Amino acid sequence: MSLSSGLIAAVALAYMAIMFAIAFYGDRRSAPLPPRVRAWVYSLSLAVYCSSWTFFGAVGQAAEQLWSFLPIYLGPILLLVGAPWVLQKMVMISKQENITSIADFIAARYGKSQSLAVVVALICMVGVLPYIALQLKGIVLGVNLLIGAGADAMGVRAQDTALIVSLVLALFTIVFGTRNLDATEHHRGMVLAIAFESLVKLFAFLAVGAYVTYGLYDGFDDLFDQAMLAPRLEEYWKETVNWPSMVVQTGVAMMAIICLPRQFHVTVVENIDPQDLRLAKWVFPAYLALAALFVVPIALAGQMLLPSSVLPDSFVISLPLAQAHPALALLAFIGGASAATGMVIVASVALSTMVSNDMLLPWLLRRNNAERPFEVFRQWMLSVRRVSIVAILLLAYVSYRLLGSTASLATIGQIAFAAVTQLAPAMLGALYWKQANRRGVFAGLAAG
């Protein structure tokens, strides 16, 4: 089964148009959202954490080793249910100090050190570029599958797809992330669109999972019984869990919730009222639990029903396609694309904010532009942001080309997580350790 590229493009464009409409409505609305609605929107926007790695890559991980996908879900759940005060404290401090990015936050807590802000911004850049490349890879994977090319095809066509996707995302981000300069950096329209995307990707994943579990099998028990007896899975059941690695990865995922630039942006910068965290600390873990529900069934069914040449990362789309359900496959693609675009948009806004506020702004202020009116200054800042968003996405495209077709989505994701976790000691020091000093943070980051 394959679909025409025209149809895929039409569906993707229609979806983008809906996103534009939602974001536009959110920006244009003069009255603030009612508190209940706002708290739900905020809670759902935290699910920007679930990128195409969680959508496609978790199944790929589970197909290699049954429970290896769990740490990415467990980390945030443990932090939010067990220690929600960490996030509450981050939000409270950021409200007092008018914090606009993670670089800003760390620098503000260590004597407003400019050089520290620049170092943090650079670490974020290095960590996030392969992560954005991973999202491009996820979208290209989906397109390749739907048009009937190989999942790992890296020909001219895949590269064109990736480049077009990068440019469309850059456009979307510029329209919604850099409309105006707001001292608080709130992007209400963008957050509304991200919350909507979170619902779409969850719905798409649950739809595929339910179809596999209850359409192809008689529920969880039947699926597991058949998998236990499947000759193809004999070796697979002998794989043992690598506990030390699982524990470390869970710890890294806990830190990622605090340190990922996009996560910091939605959790802290876009927070309008700290009270919203009360709902978020239950909604977001519940969301993650639902997102993890069908990972194992899809991974097992994919191994039983699909030829061994099929990439595990592609099971979410390949299973419906193989069973001649193109509409479900298309829904899965939209879900995966949602997961990817949400992450790219917020990460690009967060990075461009760091470039303009933590790198460029101090330099402009030092050059004593007092005689320049604010209007000119504002245009400069907005232009810098727009240019940096395009540059970030083009660099991500270059990373995508360099990564090639070999690395799995999960491996790239883990490298990005590890890079950003370098910031964790500095963050925790900023929150809880009064004696922490700048030199120590520099030493730690340099060593990292």
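Me: A salt bridge is a side-chain nitrogen of Lys or Arg within 4 Å of a carboxyl oxygen of Asp or Glu. How many salt bridges does a search of the whole structure find?

Reply: The search finds four. The model is predicted, so local features need pLDDT of at least 70 and side-chain atom pairs count only at pLDDT 80 or more, while totals for chains, interfaces and linings use all residues. Residues are numbered from 1 along each chain as its sequence is written, and side-chain values use heavy atoms, with hydrogens and water left out.

Me: What makes Asp273 and Arg38 a salt bridge?

Reply: Their closest N and O atoms are 3.4 Å apart. That is within 4 Å, so the pair qualifies. Asp273 sits in the loop between H13 and H14, and Arg38 in helix H2 (residues 35-45). The two are 235 residues apart, so the pair links distant parts of the chain. Helices here are DSSP runs (H or I, at least four residues), numbered from the N terminus.

Me: Why does Arg38 count as buried?

Reply: Buried means under 20% relative accessible area, exposed means over 50%, and partly exposed is in between (1.4 Å probe, protein chains only). Arg38 has 18%, so it is buried. Asp273 has 25%, so it is partly exposed.

Me: How do you know that Asp276 forms a salt bridge with Arg38 too?

Reply: The closest N and O atoms of Asp276 and Arg38 are 2.9 Å apart. That meets the salt-bridge limit, so the pair counts. Asp276 is in helix H14, Arg38 is in helix H2, and 238 residues separate them. Asp276 has a relative accessible area of 4%, so it is buried.

Me: What makes Glu97 and Arg109 a salt bridge?

Reply: The closest N and O atoms are 4.0 Å apart. The rule says within 4 Å, so this pair also passes. Glu97 lies in helix H5 (residues 85-97) and Arg109 in helix H6 (residues 102-109), so the bridge ties together parts twelve residues apart in sequence. Glu97 is partly exposed at 30%. Arg109 is partly exposed at 29%. Elsewhere, salt bridges with shared partners join Arg38, Asp273 and Asp276 into one network.

Me: Why is Asn271 called buried?

Reply: Its relative accessible area is 0%, so it falls under the cut-off for buried. Asn271 lies in the loop between helix H13 (261-269) and helix H14 (276-293). Leaving aside neighbours within four places in sequence, Asn271 is in contact (heavy atoms within 4.5 Å) with residues including Tyr42, His186 and Leu277. A polar atom of its side chain also lies 3.0 Å from the backbone nitrogen of Asp273.

Me: Where does Leu319 lie, and why is it called buried?

Reply: Leu319 lies in helix H16. Its relative accessibility is 0%, so it counts as buried. Beyond neighbours within four places in sequence, Leu319 is in contact with residues including Val212, Ile298 and Gly302. The C-alpha atoms of Leu319 and Ala299 are separated by 9.9 Å.

Me: Which residues have the most contacts inside the largest nonpolar core?

Reply: They are Tyr49, Phe105, Ile106 and Ile298, in a core of 157 residues. Helix H7 (residues 114-147) gives the most to this core, with 21 residues. A nonpolar core is a set of buried Ala, Val, Leu, Ile, Met, Phe, Trp, Tyr and Cys residues joined through side-chain atoms within 4.5 Å. Leaving aside neighbours within four places in sequence, Phe105 is in contact with residues including Met90, Phe264 and Leu431.

Methods. A polar contact is a pair of N or O atoms within 3.5 Å; within protein, one must be able to donate a hydrogen and the other to accept it, and residues adjacent in sequence count only if both atoms are side-chain atoms.
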